[in-house]
Amino acid sequence: MSVSVVVYTAIFGGKDQIKEPLNFEEVGLIDYFLITDDTAATSSCYKIIHKDPIYEDITKNARYYKIFGLEEFKNYDVIIWHDANLQIIHNKILEILRFMNPNGIAVFKHSQRNCIYAEAIKCIQLEKDYPNIILRQVLRYFIEGVNPESGLYDTSFVVKQNRILSNDFLKFWWKEIKTRSRRDQLSLPYALKMFKIEPGILQGCRDNNDYSIFFKHSHSSYNFLSLNKPKPFKKWNKIIAIKLIVWLKKINGVQ
């Protein structure tokens, strides 16, 4: 039985440049889509879908489509998201389907961390979102009883079985991203816990796998990721937030 597959990504605010799939053959097994606000974007493989930004936070515009995709995807069996800084290896991508599980979602395990507290600290250090936003999010997860070492996932690939994965789960995950930190990797373990979902685990990691080649993002700082003038990061905010998260880790018995 054949499986219909769509592979897609999103670029807003010039964050990345699209990279055409390697070894591409137009044989109809896989359809490629790029969602972008760049009206000048072109591609020989990706069908370009132009969308105006919905949110001031540039990253959240891409995250919205990362979670929900497009109406055009509703008839596909498998929906594969990839971050735009990954170049797909076309003749290998279907191998990813063997890691699907009955819950309808598969991702990489994080290659460096397995703790949302450690991830939160790293995000603050790298200024991937504002310290107070991340601190409030981690505090809520602490109150909700999320185990610090309950697992961490890399969402550079998100593979979804369209007719199996709970739409309520996707809505819940998106609400966390929309109302809290833009860091979807920080909210995913919490969303999985709330819906009692154990994801399938893709072989490899973002930087080393059989399905794609990793490139660094086109930007060197996350501070600019706003349609309007971004607020400055304050060093003392970072220091205090990190100290408080370390304290929460110790309360949970994690050093």
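Strand 2 and strand 3 (residues 46-50) run parallel and are joined by five bridges. This structure is a predicted model. Both strands belong to an open sheet of seven strands, in the order 3-2-1-4-7-6-8. The pairing in this sheet is mixed. Strand 3 and strand 8 (200-201) each have a single partner strand, so they stand at the edges, with one side of each left without a neighbour in the sheet.

**Strand 2 and its partners**

- Strand 2 covers residues 30-36. Six of its seven residues are buried, so the rest of the structure largely encloses this strand.
- Strand 1 (residues 5-11) also pairs with strand 2. The sense is parallel, over seven bridges. In this pairing, Tyr-8 stands opposite Phe-33 of strand 2.
- Toward strand 3, Thr-36 stands opposite His-50. Leu-34 stands opposite Ile-48 of strand 3.
- In a regular strand, side chains alternate between the two faces of the sheet.

**The nonpolar cores**

- In soluble globular proteins, nonpolar side chains tend to be buried together.
- The largest nonpolar core here has 31 residues. Which of them touch the most other members? They are Phe-33, Ile-35, Phe-73 and Phe-169.
- Several elements give two or more residues to this core, including strand 1, strand 2, strand 4 (78-82), strand 6 (105-109) and strand 7 (153-161). Helix 1 (58-68), helix 4 (167-179) and helix 5 (184-194) are also among them.
- Helix 4 gives the most to this core, with five residues.
- A second core is separate and holds 25 residues. Among them are Val-7, Val-78, Ile-96 and Phe-99.
- Ile-35 has contacts beyond its neighbours within four places in sequence. Among them are Tyr-8, Thr-9, Ala-10, Ile-11 and Phe-12. Ile-49, Lys-51, Tyr-65 and Leu-70 also touch Ile-35.

**Helix 1 and helix 4**

- The axes of helix 1 and helix 4 come within 10 Å and cross at roughly 175°. An angle over 145 degrees counts as roughly antiparallel, so helix 1 is roughly antiparallel to helix 4.
- On the helix 1 side, the contact uses Lys-60, Arg-63, Tyr-64, Ile-67 and Phe-68. On the helix 4 side, it uses Leu-170, Lys-171, Trp-173, Trp-174, Ile-177, Lys-178 and Thr-179.
- By class, these contact residues are seven nonpolar, one polar and four charged.

**Helix 2 and helix 3**

- Helix 2 (residues 116-125) and helix 3 (residues 131-143) pack at an angle of about 175°. Their axes are 10 Å apart. These two helices are therefore roughly antiparallel to each other.
- Helix 2 makes the contact through Ile-116, Tyr-117, Ala-120, Cys-123 and Ile-124. Helix 3 brings Pro-131, Ile-134, Val-138, Tyr-141 and Phe-142.
- How many residues of this contact are nonpolar, polar or charged? There are 10 nonpolar, no polar and no charged residues.

**Two loop residues with positive phi**

- Glu-127 lies in the loop between helix 2 and helix 3. Its phi is near 55°, a positive value in a residue other than glycine.
- Glu-127 has a relative accessible area of 24%. Buried means under 20% and exposed means over 50%, so Glu-127 is partly exposed.
- Asn-23 is found in the loop between strand 1 and strand 2. Asn-23 is not glycine either, and its phi is positive, near 60°.

Note on methods: Residues are numbered from 1 along each chain as its sequence is written. This is a predicted model: local features need pLDDT of at least 70, side-chain atom pairs count only at pLDDT 80 or more; totals for chains, interfaces and linings use all residues. Side-chain values use heavy atoms; hydrogens and water are left out. Axes are lines fitted to C-alpha atoms, for helices over the stretch in contact, and angles run from 0 to 180 degrees between N-to-C directions. Helices (H or I, at least four residues) and strands (E, at least two) are DSSP runs, numbered from the N terminus. Angles under 35 degrees count as roughly parallel, over 145 as roughly antiparallel, 65 to 115 as roughly perpendicular and the rest as oblique. Contact means heavy atoms within 4.5 Å. Ala, Val, Leu, Ile, Met, Phe, Trp, Tyr, Cys and Pro count as nonpolar, Asp, Glu, Lys and Arg as charged, and the others, Gly among them, as polar. Buried means under 20% relative accessible area, exposed over 50%, partly exposed in between (1.4 Å probe, protein chains only). Two strands pair if DSSP finds at least two bridges between them. A nonpolar core is a set of buried Ala, Val, Leu, Ile, Met, Phe, Trp, Tyr and Cys residues joined through side-chain atoms within 4.5 Å.
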